[in-house]
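Colleague: I would like to learn how to read charged pairs and strand pairing in a model such as this one. Could we go through it together, taking the general idea before each case?

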Amino acid sequence: MKNILKIAVIVLILASCKNVEKKQLDESPVEDQQTLHDSNVDNSDSVNYQEIGMKYATSTQKQLGKNLIAAIQEKGTLGAVKFCNIQAYPITDSMATVHHAVIKRVSDKPRNPNNKANAKELEHIAYFKSSIAEGKEYSPIVEEEGDVVKFYAPLITNAMCLQCHGKPNSDIQPEVMTSLQQLYPNDLATGYSANEVRGIWSITFEK
């Protein structure tokens, strides 16, 4: 599972994926990933649901990252903050429609209250946090419930994403902090250091 993906260029408010001996989603850019084949998935016992879930996550992050980069190139970090506020949900929802899945990015410290993790998701966040903090190997979590599959993988911070999720007035510039406070008055998603779990992908799809 080493180095299977490495998504991200800037991750300010978004998250992505990287694999370092343990599949993890961190916030970095990527070139084209393999095209998803969700419409022709074989429903046999050999189906790799972990691989499918990872493809859904990486393809969604690719779309988020591509548009975020364009916003940054055009208007800088402040433009990226506003982009995420307006476009992150519509882009994620559009990818969910493409894949016929429910795709969410959730956190125990959400920026947007709509991204607050539920009880089960909080358990998985705690597991990934513990594994990464202790340097243990881990993989994305797959749970099968009847005809439904639930997939979870961590969103890992890196130096770039600290521009919007790091320490205020240190990693996060004052003008960016002001914009975040205006757009997200209940923001909890700051104070992170690099290589910490900021949340998880929570993806549900049918077998």
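Colleague: How many salt bridges does the structure hold?

Modeller: This is a predicted model, and the structure holds eight salt bridges. The general idea is that side chains of opposite charge can pair when their charged atoms come close.

Colleague: Where do Lys55 and Glu51 lie?

Modeller: Both residues, Lys55 and Glu51, belong to helix α1 (residues 49–99), where they are four residues apart, about one turn of the helix. Their closest N and O atoms are 3.0 Å apart in the salt bridge.

Colleague: Which residue forms a salt bridge with Arg111?

Modeller: The partner of Arg111 is Asp187, and the closest N and O atoms of this salt bridge are 3.1 Å apart. Arg111 lies in the loop between β3 and α2 (119–133), while Asp187 lies in the loop between α4 (174–183) and β6, so the pair ties together parts that are 76 residues apart in sequence. Arg111 counts as buried at 6% relative accessibility, and Asp187 counts as buried at 18%.

Colleague: What do the side chains of Lys207 and Glu144 meet in?

Modeller: They meet in a salt bridge, with a distance of 2.8 Å from N to O. This pair, too, links distant parts of the chain, since Lys207 sits in the segment after β6 and Glu144 in strand β4 (residues 141–145), 63 residues apart. Lys207 counts as partly exposed because its relative accessibility is 33%, and Glu144 counts as partly exposed at 49%.

Colleague: Let us turn to the strands. How many of the residues of strand β6 are buried?

Modeller: Strand β6 (residues 197–206) is mostly covered, with eight of its 10 residues buried.

Colleague: Which way do β3 and β6 run, parallel or antiparallel?

Modeller: Strand β3 (residues 101–106) and β6 run antiparallel and are joined by six bridges; within this pairing, Val102 stands opposite Thr204 of β6. Strand β5 (residues 148–156) also runs antiparallel to β6, and nine bridges join these two strands. Here Val149 has Phe205 in β6 as its bridge partner.

Definitions and conventions: Residues numbered from 1 in each chain as written. Predicted model: local features only at pLDDT ≥ 70, side-chain atom pairs only at ≥ 80, totals over all residues. Heavy atoms only, no water. Buried < 20%, exposed > 50% of the residue type's maximum accessible area, 1.4 Å probe, protein only. Pairing = 2+ DSSP bridges. Salt bridge = Lys/Arg side-chain N within 4 Å of Asp/Glu carboxyl O.
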